[in-house]
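Hi,

Here is the structure I promised to pass on. Have a look at it first, then read my notes below.

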Amino acid sequence: MAHLPVLCNEVCALFADLQGVIIDCTLGFGGHSAAILAQNPHVRIIGIDRDSETIELASKKLAHFGERFVAHWGCFGNIGALLESTHVVGILADLGVSSYQLDTSARGFGFRSETLDMRMDQKQILNAKEIVNRYPKDSLEQIFKRGDVRESKKLAALISERRKQKPFESARELAEFITQHLHHTTLHPATLAFQALRIEVNDELEQLAHLLASARNKTQILALISFHSLEDSIVKQSFKDFAKSCICPPFATRCECGNNHALGEILTKKPIKPSIEEIANNVRSRSARLRAFRFYNKEK
């Protein structure tokens with residue numbers, strides 16, 4: 001499947017009037033970066049990714065933009081030092097897995113993969129095979145529960161029993177096992193379980209928390225695309241906290257803080273979702289949610 005950047009027009013609209021450096025925290029194939037650079041000649045982009053394969057491919061794709069684009073290897077949660085040393089006007093993060101990763105069998109993300117990996121950083125030791133075959137049953141249950149798998153306790157127990165007889169060797173094997181034992185929904189039965197494992201393998205929730213903390217008042221526009229309710233709720237709550245004017249304790253009978261502590265404004269009162277047309281062209285975009293925040297006073 002060809003790579004289609006999710007909500008690309010909507011993302012470009014958010015950064016249309018900026019001048020300066022934008023950080024694309026999840027570079028991937030460079031689809032969003034390419035569109036932003038083509039639309040706005042007044043911006044430069046630093047693209048970050050922990051997948052060295054996609055960095056190489058994206059760098060080739062964006063080479064014609066010359067010095068306006070530079071790629072860095074790393075995790076998006078570790079941009080604090082970069083924000084301290086660089087005047088950044090915009091930050092973008094697409095928290096989903098790329099079509100390239102899903103469709104490359106050796107990476108172990110897809111239901112038909114002959115490996116069970118899911119590492120975005122191939123240098124990392126922990127992978128999905130280790131988690132599925134060695135994590136305690138209670139830990140597996142927590143991972144699946146946090147990932148909105150409705151039958152999380154049942155699935156953890158079934159996996160724990162099955163692996164005693166034969167360890168899971170491939171994503172295909174695991175997907176088939178889940179399909180046999182979980183109730184079918186509108187999604188593939190293994191979708192949420194695989195997503196939960198991927199989030200655990202790549203420490204995505206911690207990375208998101210670090211990104212939000214680092215970006216606080218350090219840019220003008222912060223735009224995040226999430227694909228999971230837990231990620232979206234973290235972003236939503238963080239933006240609410242950023243926009244909070246009164247920071248008095250909940251039990252305070254009257255405001256004593258000055259009621260002027262808002263760091264900026266939420267640009268998306270409700271998350272922006274893909275259109276029917278986009279979903280028809282790219283079914284993997286269906287769960288995407290874009291939220292954006294504008295900071296009033298960027299720290300120097």
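One term before we start: two strands count as paired if DSSP finds at least two bridges between them. Keep in mind that this is a predicted model.

Let's begin with β5 (residues 221-226) and its neighbours. With β7 (residues 289-295), β5 runs antiparallel, and six bridges join the two.

Is β5 buried or exposed? Six of its six residues are buried, so β5 is largely enclosed by the rest of the structure. In a regular strand, side chains alternate between the two faces of the sheet. In β5 both faces are covered: I221, A223 and I225 are buried on one side, and L222, L224 and S226 on the other.

Now jump back to β2 (residues 43-49). Six of its seven residues are buried, so β2 is largely enclosed as well. β2 pairs in the parallel sense with β1 (residues 20-24) over five bridges, and G20 stands opposite V43 there. Together with helix α2 (residues 31-39), β1 and β2 form a right-handed β-α-β unit.

β2 pairs with β3 (residues 69-73) too, again parallel and over five bridges; G47 has A71 in β3 as its bridge partner. To get from β2 to β3, the chain passes through helix α3 (residues 52-61), and that β-α-β crossover is right-handed.

Key
Residues are numbered from 1 along each chain as its sequence is written. This is a predicted model: local features need pLDDT of at least 70, side-chain atom pairs count only at pLDDT 80 or more; totals for chains, interfaces and linings use all residues. Side-chain values use heavy atoms; hydrogens and water are left out. Buried means under 20% relative accessible area, exposed over 50%, partly exposed in between (1.4 Å probe, protein chains only). Helices (H or I, at least four residues) and strands (E, at least two) are DSSP runs, numbered from the N terminus. A crossover is right-handed if, with the strands pointing away from the viewer, the path from the first strand over the helix to the second runs clockwise.
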